[in-house]
Amino acid sequence: MLPAVANRVVVYYQTHYFGNGTFVSPLPLIGYVTHLILAAFHLNMSHIGPDIVHLNDFMPSDPYFYPLWPEIAMVQGNGTKVLGMLGGAAPGTYECLVDSLFDIYYPPLAEVIRTYNLDGMDLDVEQAVSPQTIQRIIRTLKADFGDDFIITLAPVASALTRQENLSGFDYIDLEHEMGDYIDWYNFQFYSGFGSFFPEDQYIDIIEYDQGIDASRVTATVLTNPDNGGGYIDIGAVLHSIRSLMEKFGTGWGGVGGWEYFNSLPVVDVPWTWAETVHDAMHEQKRVMEARGDPEGVVKRKRVASRFFKY
């Protein structure tokens, strides 16, 4: 029998209310999503106290989020890990975490992580940041929250083959220096920086000289063409999932979706995207078992295996 399906299904959850004012509940994702990433946390220069950290436009404690936190706890109670996304397209957050300001702006962030019991942080660096700054952030998070605290990064897909990169530091160098601290990468396969269909670019990342294990490469795609450029429909996503499971077995890094609230293919039923991706992975495992595949993993080229968390 093949190993259990370990592919991640990751969903970014940034829009918390539909346009009609109805709360976007994450509860329908239970059973389909392995990791929910709550976006987007920002640090605000020159603010003081709890107002330093915002989740989108409000402090996390704002009444705006009263429906959110109890449901996040329920999602976690049903086995899904919940991470916070730090940064993104809005500039400024990582400027607050340079050495001269770190002791001012990091402690409020750590307090939010503790208060809301986040399982990890996804570092989405879309501004020029020095290697020293990102390494200090990663080391400090691991030191403060322990080995089980999940740390991921969200580079554009081209960055791991030393092409276009939004972050200012070299991800291959970071992987060499800090790979044991980083659980996996949520690569952005959209906005002109890559595509998940066909799956060639994903394979190029795995086979590039740094030898990153396929278990640590999650491909993030757009769930709706309104969310950015480079959308591929669910059929193309499923095609690449099947192809990559044929090549890497049941333990490759899986797929993420940006973002939850308007996910296709079913309008007004956004969890269908995650359900479809989840079911496709399990169905492909059944196909491979029925065919008599002795293992779920083929030989990997220039890859050093690393433990990763589910």
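Biologist: What makes you say that the charged end of Arg8 sits over the ring of Trp184?

Modeller: A charge sits over a ring if NZ of Lys or CZ of Arg is within 6 Å of the ring centre and within 35 degrees of the ring normal. The charged end of Arg8 is 3.9 Å from the centre of the Trp184 ring and is assigned as sitting over it. Arg136 is placed likewise over the ring of Phe102, at 4.1 Å from its centre. Please note that this is a predicted model, in which local features need pLDDT of at least 70 and side-chain atom pairs count only at pLDDT 80 or more, while totals for chains, interfaces and linings use all residues. Residues are numbered from 1 along each chain as its sequence is written, and side-chain values use heavy atoms, with hydrogens and water left out.

Biologist: Why is the aromatic pair of Trp69 and Tyr116 called stacked?

Modeller: Rings of Phe, Tyr and Trp (its six-membered ring) pair if their centres lie within 6.5 Å; planes under 30 degrees apart count as stacked, over 60 as edge-to-face and the rest as tilted. Trp69 and Tyr116 lie 4.0 Å centre to centre with 25° between the planes, so the pair is stacked. Trp69 belongs to helix H1 (residues 68-77) and Tyr116 to the loop between H2 and S5, 47 residues apart. Tyr185 and Phe187 are also stacked, with 5.5 Å between centres and 20° between planes.

Biologist: How do you know that strand S4 is largely enclosed by the rest of the structure?

Modeller: Buried means under 20% relative accessible area, exposed over 50%, and partly exposed in between (1.4 Å probe, protein chains only). Seven of the eight residues of S4 (residues 81-88) are buried, so this strand is largely enclosed. Helices (H or I, at least four residues) and strands (E, at least two) are DSSP runs, numbered from the N terminus.

Biologist: What makes S4 and strand S5 a pair?

Modeller: Two strands pair if DSSP finds at least two bridges between them. S4 and S5 (residues 120-125) have six bridges in the parallel sense, so they qualify as a pair. Strand S2 (residues 35-43) and S4 also pair in the parallel sense, over five bridges. Phe41 stands opposite Leu86 in S4, and Gly88 stands opposite Val125 in S5.

Biologist: Which residues touch the most other members of the largest nonpolar core?

Modeller: A nonpolar core is a set of buried Ala, Val, Leu, Ile, Met, Phe, Trp, Tyr and Cys residues joined through side-chain atoms within 4.5 Å. The largest one has 88 residues, and Leu123, Ile134, Phe196, Tyr202 and Trp252 touch the most other members. Helix H6 (residues 234-248) gives the most to this core, with eight residues.
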